[in-house]
Amino acid sequence: MSYELLTVETVPGYVAARPALAPFGAVTRVREVGDGNLNLVFVAEAEGGGLVLKQALPYVRVDPTWPITPERNGIEGRALRLHNVVAPGLVPELYDADAERHVIVIEDLSDHRVWRGALNEGLRHDGVAEDLGRYVAKVAFGTSVFGLGAKGHKAALAAAANPELCEITEDLVFTEPYISHEHNRILPANEADVAAYAGDPDVRAVVGAAKLAFMTHTEALIHGDLHTGSVLVRDEPHSAKAFDVEFAFYGPVGFDVGALWGNYVLAAARALVLGEDAYAAWVLAQAAETWQGFAEEFAALWRGRADPRIIDLDRYIAKVYADAVPFAAAKAARRVIGFSSVSDIETLPEELRVRAIRAVLAAARLLLTGDPPQGEPKPLFDRVGQVLAEAGR
Ligand code: SR1
Ligand code: MG
């Protein structure tokens, strides 16, 4: 390895040697908190406040034989800096970026918690889903041709390539769940469900088109991995922050909306098989909240767009919506078939897990191939709720 990995013991010296971190003074306590797939994460308490250090591992944490470029850390730093400009308050602040050791240092948000865990516990953080829609809109506008103009957009696009992490998504979200692959882990009782879903030619055709859109629609510097585990929430005072932007790239805005929707489907499936019907309904209602936050914020920003000629707001919003529906399906389905499952499903007893997975795949199939109500998420996600309940019985 060509760079030194941080440890709890070396973090204080590392912080002391970074000029950008001088205002924080000496580090008094360090905890390692990373439990994701890709990075080391430390929380450091310093005299001047808290810090979070995120260092890229050059391989996947659970599979060290799978190399991944540590350069993603610099890509994340640059994306986070830009997201702070266009969506301040909705992402962690960036304090430092070290291209040699592949470390970024960001705001300590230890008074927040990861939204997925809160959803698993049946907690309602009202307003978070709408905040995330506003975050997606601010990024969609501020980093796109609408906010930057044609030349600014092309320059920003050229500076933000993230091919290796895009390839992970192309493989893990859009390909591996639809083929026989060693990454797929399927319970025997779900084999028929997966075969019916992944073998359906209509499902495969729509997922294939979604993959192509993911690979070619260079609209904005999207988050790229906006699942509920990439969101921090706090009740009092209310706060929601999207974090972990290492998958950021110039892609379709509907991918971020769809990622949130797909993860609401997973959380709702969990709630339904646990018999928490009212909570499942609340979770699915967050899809409309996110959409409203997105559409209202984007429309408000639209008035200040760089080139006011020709392009129609309603058509663009409709395109984002139409993209988001199949992306939601693909993002939900990958979590119950392929690599990188989620605690919403994994922490259920096996009998309930089987039912939740069956329900998620039925909902994904509806989103991909059904004739769901168009244009507004409420009737669509009401229908998703019915399908989840029927299939998960
Ligand atoms: C090898 S990385 C696996 C997954 O973790 C991230 O959260 C992304 O969703 C990625 O697909
Ligand atoms: Mg992540």
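Figure 1. Asp225 sits in the loop that links strand E9 (220-222) to E10; helices here are DSSP runs of H or I with at least four residues, strands are DSSP runs of E with at least two, and both are numbered from the N terminus. This is a predicted model, in which local features need pLDDT of at least 70 and side-chain atom pairs count only at pLDDT 80 or more, while totals for chains, interfaces and linings use all residues. Residues are numbered from 1 along each chain as its sequence is written, chains are lettered from A and ligands numbered from 1 in the order in which they are written, and side-chain values use heavy atoms, with hydrogens and water left out. With a relative accessible area of 14%, Asp225 is buried (buried is under 20% relative accessible area, exposed over 50%, partly exposed in between, with a 1.4 Å probe and protein chains only). Setting aside residues up to four places away in sequence, Asp225 touches Ser230, Phe247, Asp256, Lys331 and Arg335; contact here is heavy atoms within 4.5 Å. Leu123 is 102 residues from Asp225 in sequence, and the two C-alpha atoms are 22 Å apart in space.

**Figure 2. The shell around ligand 1.** Which residues come nearest to ligand 1? Of the 13 around it, they are Asn37, Asp225, His227, Arg334 and Arg335, where a residue counts as near if one of its heavy atoms lies within 4 Å. Asp225 turns up again here, with a polar side-chain atom 2.7 Å from an oxygen atom of ligand 1. For Asn37, a side-chain N or O atom is 2.9 Å from a ligand 1 oxygen, and for Arg335 a polar side-chain atom is 3.2 Å from an oxygen atom of ligand 1. The protein covers 94% of the 320 Å² of accessible area that ligand 1 has on its own; such areas come from the Shrake-Rupley method with a 1.4 Å probe, and for residues only the protein chains shown count as cover. A polar contact is a pair of N or O atoms within 3.5 Å; within protein, one must be able to donate a hydrogen and the other to accept it, and residues adjacent in sequence count only if both atoms are side-chain atoms. Helix H6 (163-172) and helix H11 (313-337) each put at least two residues into the shell. Sorted by class, the shell has seven nonpolar, three polar and three charged residues (Ala, Val, Leu, Ile, Met, Phe, Trp, Tyr, Cys and Pro are nonpolar, Asp, Glu, Lys and Arg charged, and the others, Gly among them, polar).

**Figure 3. Trp115 in the largest nonpolar core.** Trp115 belongs to the largest nonpolar core, which has 111 residues, and is one of the members that touch the most others, along with Tyr135, Tyr197, Trp261, Phe294, Phe298 and Leu388. A nonpolar core is a set of buried Ala, Val, Leu, Ile, Met, Phe, Trp, Tyr and Cys residues joined through side-chain atoms within 4.5 Å. Beyond its neighbours within four places in sequence, Trp115 is in contact with His125, Val128, Ala129, Leu132, Thr228, Val231, Val233 and Tyr264. There's also a second, separate core of 17 residues, including Val11, Phe24, Leu57 and Val105.

Figure 4. Thr69 is in the loop between strand E5 (63-67) and helix H2 (72-86). Buried or exposed? Thr69 is buried, at 16% relative accessible area. A polar atom of the Thr69 side chain lies 3.0 Å from the backbone nitrogen of Glu71. Neighbours within four places aside, Thr69 is in contact with Glu164 and Leu165.

Figure 5. Most residues other than glycine have a negative phi, and most peptide bonds are trans. His102, though not a glycine, has a positive phi of about 55 degrees; this residue is in the loop between strand E6 (94-98) and strand E7 (103-107) and is buried, with a relative accessible area of 8%. Ser340 isn't a glycine either, and has a positive phi of about 75 degrees. Ser340 lies between H11 and helix H12 (343-346), in the loop, and counts as buried at 18% relative accessibility. Glu236 and Pro237 are joined by a cis peptide bond, with omega about -10 degrees, and Pro237 is in the loop between strand E10 (231-234) and strand E11 (239-242).

Figure 6. Ser239 is part of strand E11 and is buried, at 9% relative accessibility. Leaving out residues up to four places away in sequence, Ser239 touches His112, Leu232, Val233 and Arg234. Ser180, in the loop between H6 and helix H7 (191-198), counts as exposed at 77% relative accessibility.
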